[in-house]
Amino acid sequence: MDLSKEITAANPNFRHRLDAFAFALHCALRRKGFVAVDPNGAPVQPATALPEGWNSSSEAYLFRYRHECSSMGFVVKMVPLLDKLVLLGASPEGGAVHQLALDVSEYLQPEDAVVDFADYYKNPAAIAAAVEPLVQQLIPSETGPPPPSRSHLEDPPEHPWASPVPFPPREGGPRAPALPFGVGHDDLTGGLGRPPFGGGPLRGGPGGGLGGMLVGPGHSGFGFGGPPHHPG
C-alpha cells in the first residue's frame, strides 16, 4: 500500500499522528473492497476523497462503508484509548459489534520524528494486513467454508446391527440371555441343525443344541429329552 500516493490524492489535513493512523486504516479498508459513503448511503466522490467530518471529533473517527460482497451498510468507529486505537465495526442491519485494538507505536513513528505526512508510517504493508481480522468479522463470506460437522468426521460402525453389549461367553457359542430356554440360539449362531456346523437338530435333545425358532414338544427347554413319545 503506497500511502504517499493516497495522501497526495486525498490531501488530508492531519492534526497529529492519530489522524494519520486513522487515514491509513481507512485506505486499507478501501483496498479490501469497502467503499466510503455519506450518511445517506451515497458513495463519496471522488473515491479517493475522505468523508466530510471524518476527524471533526476529538473523541473518535467515524467512517461509513458499503461492500460489494454484502447488501448491508457498515459503520467503523476508531477510538483512541491510551496507547491504542480501537476499531469498532458493525452493520446497522446485523447488530453485532466487532472490535480490533491496534498498538499505535507498532505502526507509527513518534510525533517529533515526522517531517512529512508519509513519515508517520513505519510499515504501510503491516497496516494493510492489520485490518484483516475486522474485515473477516464484518464480511462472513471472506472467512471461508464452515468446518465439517461431526457426522462427517466420524467413521460409520463396521456392523450397524451389532449390539454394543457383547453376549457372555458360553460353550457352544454365544447365547442371548434374553431368549427364554435359548430359543432361536441356532438362528443367531448360524446353526445348520447338525454338528459340527450348528447346535444340533431343530427338535433339541441330549447332546444337541437348543435349536432354532421351530420348537416341538420334545425340546429340552420343556424338560423332556429324546424324540417325542407317541401313544400306542
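Mentor: Buried means under 20% relative accessible area, exposed over 50%, and partly exposed in between, with a 1.4 Å probe and protein chains only. This is a predicted model: local features need pLDDT of at least 70, side-chain atom pairs count only at pLDDT 80 or more, and totals for chains, interfaces and linings use all residues. Residues are numbered from 1 along each chain as its sequence is written, and side-chain values use heavy atoms, with hydrogens and water left out.

Trainee: Why is Tyr-107 called buried?

Mentor: Its relative accessible area is 10%. The limit is under 20%, so Tyr-107 counts as buried. Phe-21 is buried too, at 0%.

Trainee: What makes Phe-21 and Tyr-107 a stacked pair?

Mentor: Rings of Phe, Tyr and Trp (its six-membered ring) pair if their centres lie within 6.5 Å; planes under 30 degrees apart are stacked, over 60 edge-to-face, the rest tilted. Here the centres are 5.6 Å apart and the planes stand at 25 degrees, so the pair is stacked. The whole structure holds nine aromatic pairs.

Trainee: What does the pair of Phe-21 and Tyr-107 tie together?

Mentor: Phe-21 lies in helix H2 and Tyr-107 in helix H3 (residues 104-107), so parts 86 residues apart in sequence are joined. Helices (H or I, at least four residues) and strands (E, at least two) are DSSP runs, numbered from the N terminus.

Trainee: How do you know that S4 and S5 pair?

Mentor: Pairing needs at least two bridges found by DSSP. S4 (residues 84-90) and S5 have seven, in the antiparallel sense, so they qualify. Leu-88 stands opposite Gln-99 in S5.

Trainee: Why are S1 and S5 edge strands?

Mentor: The open sheet runs S1-S2-S3-S4-S5. S1 (34-36) and S5 (97-103) each have a single partner strand, so one side of each lacks a neighbour in the sheet.
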